Amino acid sequence: MMLRRLPLFVLMTVISILAVPVAVNAEHEGKVQILLLGDSTTEGSIPRKLKPKGPHLEQVLEQLLAAEGDLPACHVINSSLSGEYIKRLFDSKRYDRAAAKLPGLDYIFIRYGLNDRARRENFTENFPRDFHQLLARLREDHPNALLIPMTVIPFANEADSETINDLVFDVAKKENLEVFDIYPRYAEELKKGQNMLTYRRYPLSKVPEKYHALVKPFVIGGSVVVMANELDPILGDLPGWYSDRHPNLAGYNVIADETAAYMAKLLRAKQSKTEKKQ
């Protein structure tokens, strides 16, 4: 464009437009951008298969924050993957594809540890090292985002969960970050019913043949998969029927509710700080 040939009023308009800074956000202009980064206990792959339209964790979190009425509009991006641990996140290059280049992030929730413990050699040494590496990359790629390490939910036994969470707290302390400790709320909810927050996933080969016609509508990839308790009265006595501890939609709603409460405090604190400066 040859600006010198334009009429003066048009020229001044063009210059004023070009001078306005453009705020680039992850997907939705003007909304607080929240990224969820983690494993299957954040992704929720089975509930997505059983109930594709959801609402799922990120949608429920947005709805709960909107329901508060006094908070800015939020957009939640769930970039989690089943089976993932921090080293795999980097080695697979998924970090570069799914997290590194997201613009405009304001808050990043990070929940790893379960798969790291199961699949990472020298876990107690390498998991903290991997976590520090992830935090360093996130700081480099998203310097304006608040990083929020999270504890794991009750999934493994209590001793293993404590080992993982103690390491998360130690990493956060060294990084001068606050931990969002979701473990106590989830554990408290489990007291209402040990199997209320988990789906059932059971090998079809272990189900007595006389029930195969009954469970046929629930078979996915060689397993009987049920969101909650509807087959418990018939199959609940099978050894290992309740062994899969991944959250069902109720479990993810616990996570969403506790996360919304945590986010609401952060957003209100930020609002209050901004108002005091004005």
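Predicted model: local features only at pLDDT ≥ 70, side-chain atom pairs only at ≥ 80, totals over all residues.

Trainee: In what order do the four strands of the open sheet come?

Mentor: The order is 2-1-3-4, with parallel pairing. Strands here are DSSP E runs of at least two residues, helices are H or I runs of at least four, and both are numbered from the N terminus. Two strands pair if DSSP finds at least two bridges between them.

Trainee: Which strands stand at the edges?

Mentor: Strand 2 (74-78) and strand 4 (146-149) do; each has a single partner strand, so one side of each lacks a neighbour in the sheet. From one strand to the next, the twist averages 20°.

Trainee: How many bridges join strand 1 to strand 3?

Mentor: Five, between residues 32-38 and residues 107-111. Leu 37, for one, has Ile 110 of strand 3 as its bridge partner.

Trainee: Which helix lies across strand 1, strand 3 and strand 4?

Mentor: Helix 8 (residues 123-141), at about 165° to strand 3. Axes are lines fitted to C-alpha atoms, for helices over the stretch in contact (heavy atoms within 4.5 Å). Angles run from 0 to 180 degrees between N-to-C directions.

Trainee: Is Asn 122 buried or exposed?

Mentor: Exposed, at 52% relative accessibility. Buried means under 20% relative accessible area, exposed over 50%, and partly exposed in between, with a 1.4 Å probe and protein chains only.

Trainee: What about Lys 93?

Mentor: Lys 93 also isn't a glycine, and its phi is positive at about 70°. Lys 93 sits in the loop between helix 5 (86-91) and helix 6 (94-98), and is partly exposed at 49%.

Trainee: Where is the cis peptide bond?

Mentor: Between Gly 54 and Pro 55, with omega about 10°. Pro 55 is in the loop between helix 3 (45-50) and helix 4 (57-67). Most peptide bonds are trans.

Trainee: Last one: how far does helix 13 reach?

Mentor: Helix 13 (residues 249-277) reaches 41 Å from its first C-alpha to its last. That is close to the 42 Å expected for 29 residues, taking 1.5 Å times one less than the number of residues.

Methods: Residues numbered from 1 in each chain as written. Heavy atoms only, no water.
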